[in-house]
Amino acid sequence: MIIERVELRVIRMQLKEPFETSFGREHDREAILVTVYADGLEGWGEVVASRDFGYSYETIETAWHVLRTFLIPAVLGQEIPDVETVARIGERLRGHPMARAGLEAAFWDLFARRAGLSLARYLGGVRERVPVGVSIGLQPTDEILLEKIRGYLEEGYQRIKVKIKPGRDVEMIAAIRRMFPEIPLMADANSAYRLEDADRLAALDEFRLMMIEQPFHWDDLYEHSLLQARLRTPICLDESIHTARHARAALEMGACRIINIKPGRVGGLLEAKRIHDLCHARGVPVWCGGMLETGIGRAANVALASLPGFTLPGDLSASDRYYHEDLIDPPFVLNPDGTLSVPTGPGLGVHVDRRKVDRATVRMEAFQR
Ligand code: OSB
Ligand code: MG
């Protein structure tokens, strides 16, 4: 397909409540929406970089720069036959996975629509519904956290993930376990610990967590392998897995037993699928992570999570867990069985509400061949 037009938008969405992790607090969410046009069709993708660095070095500003300076000129007016071509263009850059993933996502939507298939089917998905959990940010007190957990369990979420950091860990998890002895529970440190904290992390073993996510540095594998050798609890890596090569290395050195797959972190759905395929072949469970996406990024994640190896509940909560009003109509709603339904329409399978997109847009640029 000859790519006729690409649009970039920075959108800003107020979060229902602030989201706090070990690296900072977000009150609203900015993201870049990418729209590609060809043959009377359009495709939408979401770049999950934030305004500030923290989770990653990428920001809205770096992603905008990379897209408008390098990636869009390489596809605009060109004959792009498949997503592999887009991925190869992206791989010429070193790093900047979120910028690349957002553009690639728009092409996945476009090509799935051209094929008349849902993105889930186009990717090889096998599930009609995907099990989902909820990721709860750091709260001012344990009491508030326990109330939040109770509310999400009542709504039907299948597992609870809480954020931890030094000083907000063993006692907090103990309090959760006293109140909810049997719930599927896990903790995400977002790289807040150091090797010297290994004893403190080992003290979490007694709480039967499903996993501890990313305790050490965002780019580390080796120190995680030292920790995993000491822990009964599986380590799940998020930040440290940038490619399928990292995933293989991490598994072979025993740095983790579970992988959180986020398309934005690994440069796109194609690399996400490669990591899935590798883990699936080895019997390693994976789940789909989240970056507080709008319905556009969420639809791509839900499609990815319909692949057979995504056996654990993902950070794929309903639209109303994040936003008063999503950009898609209808929004994602939680099924009573704690799942989200995988859209079946062509491409992302969700209707992007352009009026809502316009209202959320704070910056826009169009590129025409
Ligand atoms: O580490 O998984 C993370 C949100 C922003 C950045 C990093 C992370 C998260 C979450 C939220 O945990 C997951 C979600 O519900 O989208
Ligand atoms: Mg994480």
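At roughly what angle do the axes of helix H2 (residues 83-91) and helix H3 (residues 97-114) cross?

**Before the details**

I am working on a predicted model, where local features need pLDDT of at least 70, side-chain atom pairs count only at pLDDT 80 or more, and totals for chains, interfaces and linings use all residues. Residues are numbered from 1 along each chain as its sequence is written, chains are lettered from A and ligands numbered from 1 in the order in which they are written, and side-chain values use heavy atoms, with hydrogens and water left out.

**Entry 1: H2 and H3**

I looked up the axes of H2 and H3, and they cross at roughly 170° and come within 9 Å. My axes are lines fitted to C-alpha atoms, for helices over the stretch in contact, with angles from 0 to 180 degrees between N-to-C directions. Helices (H or I, at least four residues) and strands (E, at least two) are DSSP runs, numbered from the N terminus. H2 and H3 are therefore roughly antiparallel to each other; angles under 35 degrees count as roughly parallel, over 145 as roughly antiparallel, 65 to 115 as roughly perpendicular and the rest as oblique.

For the contact (heavy atoms within 4.5 Å), I noted Val83, Val86, Ala87, Gly90 and Glu91 on the H2 side, meeting Arg100, Leu103, Glu104, Phe107, Trp108 and Phe111 in H3. Sorted by class, the contact of H2 with H3 has seven nonpolar, one polar and three charged residues. Here Ala, Val, Leu, Ile, Met, Phe, Trp, Tyr, Cys and Pro count as nonpolar, Asp, Glu, Lys and Arg as charged, and the others, Gly among them, as polar.

**Entry 2: the antiparallel sheet**

Next I traced an open sheet of four strands, in the order S3-S2-S1-S15 with antiparallel pairing. Two strands pair if DSSP finds at least two bridges between them. Strand S3 (41-47) and strand S15 (361-368) are the edge strands, each pairing on one side only. I read an average twist of 25° from one strand to the next.

Strand S1 (residues 5-21) pairs with S15 over seven bridges in the antiparallel sense, and I found Ala366 in S15 as the bridge partner of Glu7. Helix H1 (residues 60-75) lies across S1, strand S2 (24-38), S3 and S15, and runs at about 160° to S1.

I then followed an open sheet of seven strands with parallel pairing, ordered S5-S6-S7-S8-S9-S10-S11. Strand S5 (134-136) and strand S11 (286-288) stand at its edges with a single partner strand each, so one side of each has no neighbour in the sheet. Strand S6 (residues 160-163) and strand S7 (residues 185-188) pair in the parallel sense over four bridges, and Asp188 in S7 is the bridge partner of Lys163. H6 packs on this sheet, touching S6 and S7, and its direction makes about 155° with that of S6.

I also checked H6 against a helix neighbour. Helix H5 (residues 142-155) and helix H6 (residues 170-179) pack at an angle of about 45°, with axes 10 Å apart. That makes H5 oblique to H6. The contact is made by Asp142, Leu145, Leu146, Ile149 and Arg150 of H5 and Glu171, Met172, Ala175, Ile176 and Met179 of H6. By class, I have seven nonpolar, no polar and three charged residues in the contact of H5 with H6.

**Entry 3: the magnesium ion**

Which protein donors does the magnesium ion (ligand 2) have? I found Asp188 (OD), Glu213 (OE) and Asp238 (OD), lying 2.1 to 2.3 Å from the ion. Donors are N, O and S atoms within 2.8 Å of the metal (3.2 Å for Na, K and Ca); water is not among the atoms, so sites may look incomplete. Along the chain, the donors of this ion follow the spacing D-x24-E-x24-D. Asp188 in strand S7 and Glu213 in strand S8 (residues 212-213) are 25 residues apart, a pair that links distant parts of the chain.

Most residues other than glycine have a negative phi, and most peptide bonds are trans. I picked out the peptide bond from Asp329 to Pro330, which is cis with omega near -5°. Pro330 sits in the loop between strand S12 (328-329) and strand S13 (339-341). Arg208 has a positive phi near 50°, and I placed Arg208 in the loop between helix H7 (198-202) and S8. Leu292 has a positive phi of about 55° although it is not a glycine; I located Leu292 in the loop between S11 and helix H12 (295-304).
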